[in-house]
Every structure is written in structure tokens, then in C-alpha cells.
There are 2 protein chains.
Amino acid sequence: MSQREFDLIQRYFRQAVSPAADLPVGIGDDGAVVLAGNTNLAWVMDTINEDVHFPHDAPGAAVGHRALAVNLSDMVAMGAQPRWMLLSLCLPEVDEAWLADFSDGLLSLARDSGVTLAGGDTTRGPLSVAVTLLGPLHGQAVQRSGARPGDRLLVSGTLGDARAGLDIALGDGHAADAVESELLKRYLYPQARLALSPLLARHARAAIDLSDGLVGDLTHLLSASGVGATIHSQRLPRSRALMAHAEEESDALALSGGDDYEILCAVAPEAVETLVREAAAEGIMLSDIGEITQGPELTVLDRDGQPVPLEAGFSHFGDDDA
Amino acid sequence: MSQREFDLIQRYFRQAVSPAADLPVGIGDDGAVVLAGNTNLAWVMDTINEDVHFPHDAPGAAVGHRALAVNLSDMVAMGAQPRWMLLSLCLPEVDEAWLADFSDGLLSLARDSGVTLAGGDTTRGPLSVAVTLLGPLHGQAVQRSGARPGDRLLVSGTLGDARAGLDIALGDGHAADAVESELLKRYLYPQARLALSPLLARHARAAIDLSDGLVGDLTHLLSASGVGATIHSQRLPRSRALMAHAEEESDALALSGGDDYEILCAVAPEAVETLVREAAAEGIMLSDIGEITQGPELTVLDRDGQPVPLEAGFSHFGDDDA
């Protein structure tokens, strides 16, 4: 979907939503929060389609892994603990080898993530996988809308790897060396930052997961919070693999490459040190890439302190942007 | 999916499921039940695909209505109250008129059903709509597995109408008269039996919603309960419209036509009278079509008391049954 189309579609559904006491967080965030009895539950659903969110020759295990990982990542961004899963699998045909591979990719990630498959359905049609996850919050819901001027912007891991990996997947699909293999793996098997989730609940003011690229997703967060931001391109974390593979394009890939499923969060200055330390103890690197401003502009400064002209954010490769 | 394919797919996912204290009902029922804090929540997800679950020229409002109705029906069969919804909408293109029509069909049924749209996502791809619903149980979960020999089998409303309506939809899509119009409407705008849900929770031992046809869905219930049944074809409730339109085929349509979204339940003999009376007070007719036996066979007797040879249950029209 292009941004324009996306906005248009949202219009039809947002209008329907009125605040409800048992719906603390509704449309417009990474997930919803429902109040059931005395428990707040985060609830997300994301669908991935062949030729849009993954190439048609992606391994079954990668498709199963991705269908769950993209949803885990939304739960992390909400500060929630994914606990239960429903799966809706749409298959053009029943290929036992593919199905074994798919279920292995999905269920091994589920086990590693403490998620129990609770049901779902299977239908016939073009290959598509919808997953919905439900689970308790670690504390307060972390929303996109909580960022305040002066907050620092932190991002987990490294950026741009998945987009470089996608190019390899769309080529012959085979990695020529260890570097390409690492990038391809970053694309095919995204790792949701589960250990970050309780830390976000304690220390972050706002968060979003990076599925569409840093600039695009940061724009969503800024818009929801009614603020702006200044970020510095030379501070964007980049892997050795990305630098070895595509150093010249690394600014662009880190700014607008999608599918990294890292977490971007806004954190009050006084909370940064603790969050960074606690994340490091979980093996997760957080990089300070800039700060929240009064806005509403998003400014990206290059290494000479000059503003970088911004392109539109990444759309999934099958989308034809208007 | 054919039954054989369906069984095969289920094998890959059922194996993964171990009992969990916070998952009172898992894979294999109309929905799951999760225990969140002190609250049991029923949770369902069903996807409908163009050319499989609805014809490609079905009105947008009918597609939106159906996507929710099929899920409401699963919640009813669990004895649950649908409360919140997530929507995953996959569109080949953005057609504003269609989208307005679709959202109207979906959201007006949501309002009528007390369901709040809590979020979701939109992707590009072949037309497909996944809906997930969550909500509290009215009491004990009503499962497929609770039927006991001697229980009566009751079915709501009338059977076979939707299948006759589908034939009209697959023809020129226009109803020739009031009778065809009624049947077409039964197919395009299925009505979940929401008012039946609390009554099932109080009085039924087992229930399932009729999406694939009476014989097919009854077989699922019998298999889950480890019992058999004897039903009488002349007792199957048929509408005047169906009798006027297709009297000769009405036995076959009532036995194996799909998409009625009526409720089939097994009820202890002493609870039948109360349930029938309370349902009638809600405007829902329940018909006694037979009884649960030791089994494991399902026997259908014709009006002469002779067993009817059983065909396989209805599959959605786009499926190619093996």
C-alpha cells in the first residue's frame, strides 16, 4: 500500500471507533489493548502474503518464522508478553514437504518465545498467513503517542541489513559468501526483540517496531505523538556485514530499508542510561540516534550537519507506490 | 480443503499443542478459550477468500458482513459474547466505492452485535479478509466434545437455504422473485445466532456452528465427543422459500448444503424443553432432529425409516474435493 492508499483505508475504519472503557488502546498503534476482567491484554494481528511480504520461493520455514516474528515484534513494541497464538493459513495446494517446513519454522519460534498455538483455520487460496497474538502487558502499554520534546530516540540492533538481504533473496536467492549469508538470514529470519519488551514497559515513553523502514515508522510515531525529531545519519547503527556488502548505500538502507523488525523508542533523558544498561545485559544494543523536538518536522542530518532530503519510506517489495 | 487434506494439515499443528493451565480449550474446537487473570475469554479467527468463500462479484457489503458473521457464529457455538475485533484486510487495489460498501457491511453488523473494532492491518494481495474476535464466556465453554449418548440433537432456524442461495449467486447473481431473493439473502448475509449463545452456555452439552453442512459438521461433533448419532431427514427444518424453490432437492440441501451458520447442539433430554422455550422467546426456533448414540456411526433415516447413504459434506464452492 502506498501511504496515500493506507490513509484512505484507515479513514473508513477509524471513524467507527469510539473510546470504550474496556478498550484502553484501539486502532492506530502496533496493537490493541483490551481490558478483560482485571487484566489488560495486548492483541495484535498481521498478515503476510506471498509476493508482497516474502518472495514466492522463500523457504517454508522462513515463511512460518516470519508470520510469527512480525507479530512478536508488534507485541514487543507494545511492552507486552506474547502468550497465545491463532493461525489462519491460506494454501494454494497441500504440499507435505512445504507444510512440514512451514510448521517447523513457525512452531520452533513459538516454543522459543513461550507462545502456545491455540487454534486457527486453514483455507484454500493464494499463499497467505495471518497470525494473531494475545498476551498480558508487562506494565503500562507502550504506545506510539507518548513521545515528548527532549526525549532521546533509541534504536535496537542494526539497520538496513534486511533490505540488503532482500536484494539477495530477489536475486538468485543464494548467498555468495558469509557476509551475504548473514544479510540473507537477517531478511528471512527476523528476530523480534522479546527481551526488550519489559524494559520498554519500564523505561520508554513511546515505541514502534521497524517494519517499513526507519523514516516511515518514525514518521508514524511522530505523527501519533504530535512532535518532530532530529536524527543523525552517522549515528544509525550498521552491521559489519552491511558495511562490507554495501557501504556506499548504507545510509539509504539504514534510513529507509524495511523488514528489520528492530525497535525504535523515545526515552526521557534521565531514563536512557538505565535502559541501555539493562538492554545490554539482555544482549541487545541500543543506539541513540537523535532526539524528539517540538516539531512537527523530521530532520535527518548528514555527517556534515546538513539536512538529508527524505524519500518516502520503504514499502514491501510487491507494493506499487503511488 | 478436502477432509483428507484438512486432516493432514491438522496433524502438523496439533502435535505442537500440549495442555496448558491458561489454555482451557485449544485446537480442534470452534474457538480457543484462554484464561487471562481471572477471566476466561473465547477467541476465534476465520478467514474468507474471494472465489472460495464468496464469489468474486459479491457485493462489498456482503463480504464485510460475512467476514464478521462467520466469526460471530463460532463465538456463539462456544457460548461466548463477542466483544472486540481485529481485521486484516488484503486488497488487490483500492476501490473507494467498494471499500465504503465493505466497511458499511462489516461495521453495521459490528454495531448490531456489540463488537468494537480494535485494530488490524491492511495489505496488498488477492482479496481476503481475516477477522479475529475475542470476548468473555457466558458461563462454561460449550465444546464439541461434550455430547453423551441419549442427548437430543437440536438445530436452529432452517437448513439448506444458503446453498440454494449460492446457486443463485453463482448464476446471474440476480433473484428472479421474492423466493429467490430470500434465499440469496440467506447466502449473502448469514445471521449468527447471538441470542442463543447464553442459552447454550446454560443448557447445551456440546455445540458446533454449521458452516460446512449438517452432515460434515455433525461428524466433527461426533468425532470430538466419541459418540454416534441417528437423525431423521424428515425432521430437518426447511424454509418455505426452500420448499418453493427446490422441494425435490431439499433433503440433500438440508443434509449437506453449507453456509447456513445455524447452530447444532447436543442437549440432555431433561434440558430440551427449557432451552427450546427460552430460544423461542428470543425468536429462534430449535428443531429436534435426532439423538446421540453410543456410536460411532452417524445414521440418517429417511421418511420410511431407511438409512440414507451419506455423501461427503459440503466444501466451500472453490474447493476441489479429492
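Let's start with the buried area. Domain 1 of chain A and domain 2 of chain A bury about 1900 Å² between them. Carbon and sulfur atoms carry 57% of that area. Keep in mind that this is a predicted model.

Who gives up the area on the domain 1 side? A:His65, A:Arg66 and A:Val76 lose the most to domain 2 of chain A. Together, these residues make up 29% of what that side buries.

Now the layout. In the domain assignment of chain A, domain 1 runs 3-136 and domain 2 runs 144-301. The contact draws 24 residues from domain 1 of chain A and 22 residues from domain 2 of chain A. Taken over C-alpha atoms, the centres of these domains are 21 Å apart.

Next, the polar side of things. How many salt bridges are there between domain 1 of chain A and domain 2 of chain A? The count is three. As for polar contacts, seven residue pairs make them between the domains, both residues at pLDDT 80 or more.

Which element supplies the largest share of the domain 1 side? That is helix 2 of chain A, residues 60-78. Helix 2 puts in twelve residues that touch domain 2 of chain A. By type, the domain 1 side divides into 13 nonpolar, seven polar and four charged residues.

One salt bridge to look up on your screens: the side chains of A:Arg144 and A:Asp29. The N to O distance there is 4.0 Å.

Note on methods: Residues are numbered from 1 along each chain as its sequence is written. Chains are lettered from A and ligands numbered from 1 in the order in which they are written. This is a predicted model: local features need pLDDT of at least 70, side-chain atom pairs count only at pLDDT 80 or more; totals for chains, interfaces and linings use all residues. Side-chain values use heavy atoms; hydrogens and water are left out. Domain bounds come from an automatic or database domain assignment. Contact means heavy atoms within 4.5 Å. Buried area is the accessible area (1.4 Å probe) that two parts lose on being put together, summed over both. A polar contact is a pair of N or O atoms within 3.5 Å; within protein, one must be able to donate a hydrogen and the other to accept it, and residues adjacent in sequence count only if both atoms are side-chain atoms. Helices (H or I, at least four residues) and strands (E, at least two) are DSSP runs, numbered from the N terminus. Ala, Val, Leu, Ile, Met, Phe, Trp, Tyr, Cys and Pro count as nonpolar, Asp, Glu, Lys and Arg as charged, and the others, Gly among them, as polar.
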